[in-house]
Amino acid sequence: MNGGLGFETIRDDQEEGRFRVHRGAFTRDDVLDLERKQIFDRCWLYLGHVSEVSKKGDFITRKVGGRPLIFLRDRNGKLQVHFNACPHRGALVCREPSGRRRKSFMCPYHGWVFSDEGNLIETPGPDAYPETFNRDGSLNLQPVPKFDEFRGFVFVNYDAGAESLENYLDGACEILDLVASQGADGMEIQKGMQEYSVSANWKLLQENSADAYHAGITHSTYFDYIGARDKLIDNFDNTLSFGGVRNLGHGHAVSESLGVMPWGRPYARWIPSFGEDAKAEMAVIADEILKREGKTKGEMIVKGDRNTLIFPNLVINDIMAVTVRTFYPLRPDYMEVNAWSLAPINESPTSRERRNRNFVEFLGPAGFATPDDVEMLLQCQMGYSNADFSPWNDISRGMTRDVVMKSDEKQMRTFWRQWDKMLKETHVGDA
Amino acid sequence: MTLPTRHEIEDFLIYEADLIDTWKLNEWAQLFDDKGEYQLPPTDCPNGEPEVELFLIYDDKFRLEQRAIRQLKKADHSEFPRSRVTHIVSNVQVREGEDDYFIVICNVVVHRSRLQKHDIFPARCEYRMLRDGDTFTIRRKRVILGLETLRNQGKLSIII
């Protein structure tokens with residue numbers, strides 16, 4: 001059972017309304033080994049956004065699922081994703097985080113040169129090799145088995161037999177489309193990447209990123225701050241007993257509400273601290289979206305707050321700004337986190353300035369909230385050392401309610417059910 | 001404008017560092033003038049501007065005061081129990097500025113110890129400062145981390 005783990009990972013008692021996760025799932029090396037094989041090597045993993053390589057010759061290097069990749073737009077305008085490893089002796093052929101106008105990559109070790117399309121185009125001293133050398137293409141930069149794009153979001157899959165990206169994204173397509181529709185000219189990842197880490201299991205961050213239940217307690221000092229600033233907090237229900245949670249299929253879920261949260265939104269939720277001058281421009285921005293997308297979808301875009309979990313390790317939080325966040329475990333108790341701001345292309349300087357200020361009032365490793373999340377995850381991980389005697393996490397909140405609210409824990413149950421299912425799946429070729 | 005001497009400025013920077021290290025953060029916030037700003041560029045874009053690139057800290061006077069207030073609360077979980085913080089200030093330069101301010105540049109190395117973890121934040125600090133009687137006020141403090149990423153530190157929940 002459980003991919004041979006030999007312990008009960010989750011206990012899903014629908015009749016009694018109890019959902020429990022065994023804390024061994026956060027601490028054990030054998031669980032992480034199995035996750036790598038059964039989850040990270042089979043799911044579509046977020047790589048980056050098309051705006052990061054918007055012009056021919058643009059490239060970025062990035063680790064995805066623990067593997068260093070080169071993501072680029074080649075001379076013909078086509079997206080390419082190569083494994084960043086020289087087929088000769090294995091060194092990274094590209095060591096820069098990003099760059100422009102690049103048509104080839106030279107391995108710094110022995111000078112093999114690869115085209116942007118990945119073809120081996122030069123080997124110093126070629127007479128030492130037979131004429132048949134690389135006829136089979138095995139000495140080219142190796143492409144990832146699969147990559148695809150949806151509404152600007154680019155994903156890779158290390159399983160050549162994986163279902164299509166759109167099938168995989170399932171109900172999350174709607175959420176990505178809502179985010180991608182904010183700007184009339186499309187969306188872009190802003191410069192200013194947040195690269196940090198948390199000494200805790202990666203699944204804790206997936207849980208935390210759409211956990212409305214903790215907001216009023218963990219982030220009380222954030223709400224104190226915006227309360228002191230905008231005086232809009234008096235009638236706010238800090239238990240977040242409103243909104244809802246939707247299961248989007250494939251382990252994806254969204255926690256959402258419309259126009260209730262007390263922070264400002266750079267498009268259309270004006271708050272006093274944006275200043276009177278901002279009111280008119282924000283009304284124009286909202287009108288444009290409503291006109292372009294229609295009333296129903298338009299209101300979802302301008303008024304909605306959505307924390308979206310895309311299985312296994314992508315978070316799109318469309319709250320006081322839009323953050324794209326992904327993470328990967330190096331050990332059961334340590335993950336690397338990368339996060340970005342996604343913003344409309346050609347946004348006016350005044351709107352962009354409001355967005356940038358608004359983003360970091362809450363989000364990021366020096367914001368008024370994210371450091372407290374990091375702390376809570378750390379505290380949980382420390383508590384799990386007691387797992388032998390205190391083995392279960394409880395995430396039953398709202399399980400027996402007919403109408404699930406934003407502060408319930410349905411999104412986590414959605415994640416864990418998919419996680420458990422994938423961990424136990426057997427695949428052709430498995431021993 | 002007559003520039004202050006490096007000695008005068010060093011006294012001020014040492015005083016500021018001491019306020020932070022001893023958690024007198026409300027007093028620290030009051031070193032800034034009414035238009036005071038506290039900024040920290042992203043690690044991948046140290047020469048950026050906060051209107052354009054996403055900074056890690058983009059505080060106006062109100063927000064930096066609130067940052068101080070927040071950090072003194074028990075519910076600032078990331079700093080409860082508090083870190084032990086030690087600033088080392090060095091390489092001080094005083095330069096001509098524009099308008100009514102002059103520029104101070106220095107390096108700091110900030111040590112922080114908490115939960116059996118020791119983090120180091122090296123940084124170049126660029127100040128815009130004004131003379132105020134026999135002391136100074138800060139118009140803008142920009143902290144440019146000498147770090148490629150925040151992977152080792154994980155978060156930045158203290159004042160640099």
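How much area do chain A and chain B bury between them, and what share of it lies on carbon and sulfur atoms? In this predicted model, the two chains bury about 3300 Å² between them, with 54% of that area on carbon and sulfur atoms. Three residues, A:Glu195, A:Arg357 and A:Phe368, account for 19% of the area that chain A buries against chain B, more than any other three residues. Contacts across the interface involve 40 residues of chain A and 37 residues of chain B.

Polar pairing between the chains was examined next. Between chain A and chain B there are 27 residue pairs in polar contact, with both residues at pLDDT 80 or more. On the side of chain A that touches chain B, at least two residues each come from β14 (194-198), α6 (215-218), α7 (220-230), β20 (334-344), α10 (349-362) and α11. Of the elements on this side, α11(A) gives the most, with eight residues. By residue class, the side of chain A that touches chain B is made up of 17 nonpolar, 12 polar and 11 charged residues.

Seven salt bridges are counted between chain A and chain B. In one of them, B:Arg70 pairs with A:Asp372, and the closest N and O atoms are 2.7 Å apart. A salt bridge also joins the side chains of A:Glu375 and B:Lys155, at 2.9 Å from N to O. This pair runs between the chains, with A:Glu375 in helix α11 (residues 370-383) of chain A and B:Lys155 in the segment after β6 (135-145) of chain B. A:Glu375 and B:Lys155 are both buried.

Within chain A, salt bridges that share partners connect A:Arg151, A:Asp177, A:Glu288, A:Arg292, A:Glu293 and A:Lys297 into one network. Over all chains, the search of the whole structure gives 57 salt bridges. One of these is formed by A:Asp41 and A:Arg67, whose closest N and O atoms lie 2.8 Å apart. The pair links distant parts of the chain, 26 residues apart: A:Asp41 belongs to the loop between α2 (29-40) and β3 (45-49) of chain A, and A:Arg67 to strand β5 (residues 67-73) of chain A. A:Asp41 is partly exposed at a relative accessible area of 24%, and A:Arg67 is likewise partly exposed, at 27% relative accessibility.

A further salt bridge in chain A is that between the side chains of A:Arg355 and A:Glu347, with an N to O distance of 2.8 Å. Here A:Arg355 is buried, with a relative accessible area of 0%, and A:Glu347 is buried as well, with a relative accessible area of 15%.

Cysteines were also considered. The search of the whole structure returns zero disulfides over all chains. For A:Cys86, the nearest cysteine sulfur is that of A:Cys107, 3.9 Å away, and A:Cys86 is in no disulfide. A:Cys86 is buried, its relative accessible area being 5%. B:Cys45 is also in no disulfide, and the nearest cysteine sulfur, that of A:Cys94, is 18 Å away. With a relative accessibility of 13%, B:Cys45 counts as buried.

Technical notes:
Residues are numbered from 1 along each chain as its sequence is written. Chains are lettered from A and ligands numbered from 1 in the order in which they are written. This is a predicted model: local features need pLDDT of at least 70, side-chain atom pairs count only at pLDDT 80 or more; totals for chains, interfaces and linings use all residues. Side-chain values use heavy atoms; hydrogens and water are left out. A salt bridge is a side-chain nitrogen of Lys or Arg within 4 Å of a carboxyl oxygen of Asp or Glu. Helices (H or I, at least four residues) and strands (E, at least two) are DSSP runs, numbered from the N terminus. Buried means under 20% relative accessible area, exposed over 50%, partly exposed in between (1.4 Å probe, protein chains only). Contact means heavy atoms within 4.5 Å. Buried area is the accessible area (1.4 Å probe) that two parts lose on being put together, summed over both. A polar contact is a pair of N or O atoms within 3.5 Å; within protein, one must be able to donate a hydrogen and the other to accept it, and residues adjacent in sequence count only if both atoms are side-chain atoms. Ala, Val, Leu, Ile, Met, Phe, Trp, Tyr, Cys and Pro count as nonpolar, Asp, Glu, Lys and Arg as charged, and the others, Gly among them, as polar. A disulfide is a pair of cysteine sulfur atoms within 2.5 Å.
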